[in-house]
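Let's work through a few exercises together, one step at a time. Keep the sequence and the 3D view at hand as you go.

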Amino acid sequence: MKVSKHAGKQAKKQAKQRAKPLSSGGKSPAVPGLRQRKREATRERLTRAAMALFLERGFETTTIDDIAAAADVSRRSFFHYFASKEDVVAAWQEDASTALVAAIIARPADESLLTAAENAIAAAVKRLDPTEAAAMARLKRDNPALQARDQLKYEKLERALAEGLAQRSGRKSDQLKARLVAMIATGAMRVGGESWLCEGTRDKPEAFVKRTFDAIREILK
């Protein structure tokens, strides 16, 4: 069967359109290239190595050379990813914060803002090793530089939680509520974590989260 010249051109045009990658305008997320994936893998390896050494040896006694060696990279490569040891801890915290915000946004729509925040936090701490969590909390508590970074972390987390809660609601009228719940949730994490540590970490972290939010609801009655 003979195909007309016009039909042939039209078929080629449609084939080219189908072959074009989807734009970043919302139809399909961009897939990281090989180089980017390698960078992300190296960064994660450095972070994991550093946190393990901090918990094993202490923050002060762990050197950048120790971290680089444990991650099987050069000292120079370390500085491609982090400017200091403190930056490694900050990056670890930011990754955890990003995951928490994503978890809040994904909570069921019938949950209130406060309940969504509580359940997401409880699920996040449930995945932690209590011994490691306590050791990391002591590490930050006993190091002035890490204390300052920790305070900054909570400020950033509060803003991120407010944005996530507002996005979850989708109603402009809930923006103030989202900010207030973010403030309460961030305070609950800070005060609850300190109390959990002071009480000797007897309770599981997720159980202490429930106790903390139960106390908040009692106050708000």
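**Exercise 1.** What share of the contacts in the chain with a separation of 6 or more is accounted for by residues 24 or more positions apart?

*Solution.* Bear in mind that this is a predicted model. Take the contacts with a separation of 6 or more; residues 24 or more positions apart account for 66% of them.

**Exercise 2.** Describe the secondary structure of the chain and say how much of the chain is buried.

*Solution.* Start by counting elements: there are 10 helices and zero strands. Read along the sequence, that gives the pattern α-α-α-α-α-α-α-α-α-α. Next, turn to burial: of the 221 residues, 33% are buried.

**Exercise 3.** Find the largest nonpolar core and the elements that build it.

*Solution.* This core has 23 residues, and those with the most contacts inside it are Leu100, Ile104, Ile121, Leu161, Leu165 and Phe213. Two or more residues each come from helices H5 (85-105), H6 (113-126), H8 (144-169), H9 and H10 (205-220). H6 gives the largest share, seven residues. Now look at Phe213: beyond its neighbours within four places in sequence, it touches Leu114, Glu118, Ile121, Ala185 and Ala188. A second, separate core has 20 residues, among them Ala50, Phe59, Val73 and Phe78.

**Exercise 4.** Why does methionine 183 count as partly exposed?

*Solution.* First locate methionine 183: it sits in helix H9 (residues 175-198). Its relative accessibility is 44%.

Key: Residues are numbered from 1 along each chain as its sequence is written. This is a predicted model: local features need pLDDT of at least 70, side-chain atom pairs count only at pLDDT 80 or more; totals for chains, interfaces and linings use all residues. Side-chain values use heavy atoms; hydrogens and water are left out. Helices (H or I, at least four residues) and strands (E, at least two) are DSSP runs, numbered from the N terminus. Buried means under 20% relative accessible area, exposed over 50%, partly exposed in between (1.4 Å probe, protein chains only). Contact means heavy atoms within 4.5 Å. A nonpolar core is a set of buried Ala, Val, Leu, Ile, Met, Phe, Trp, Tyr and Cys residues joined through side-chain atoms within 4.5 Å.
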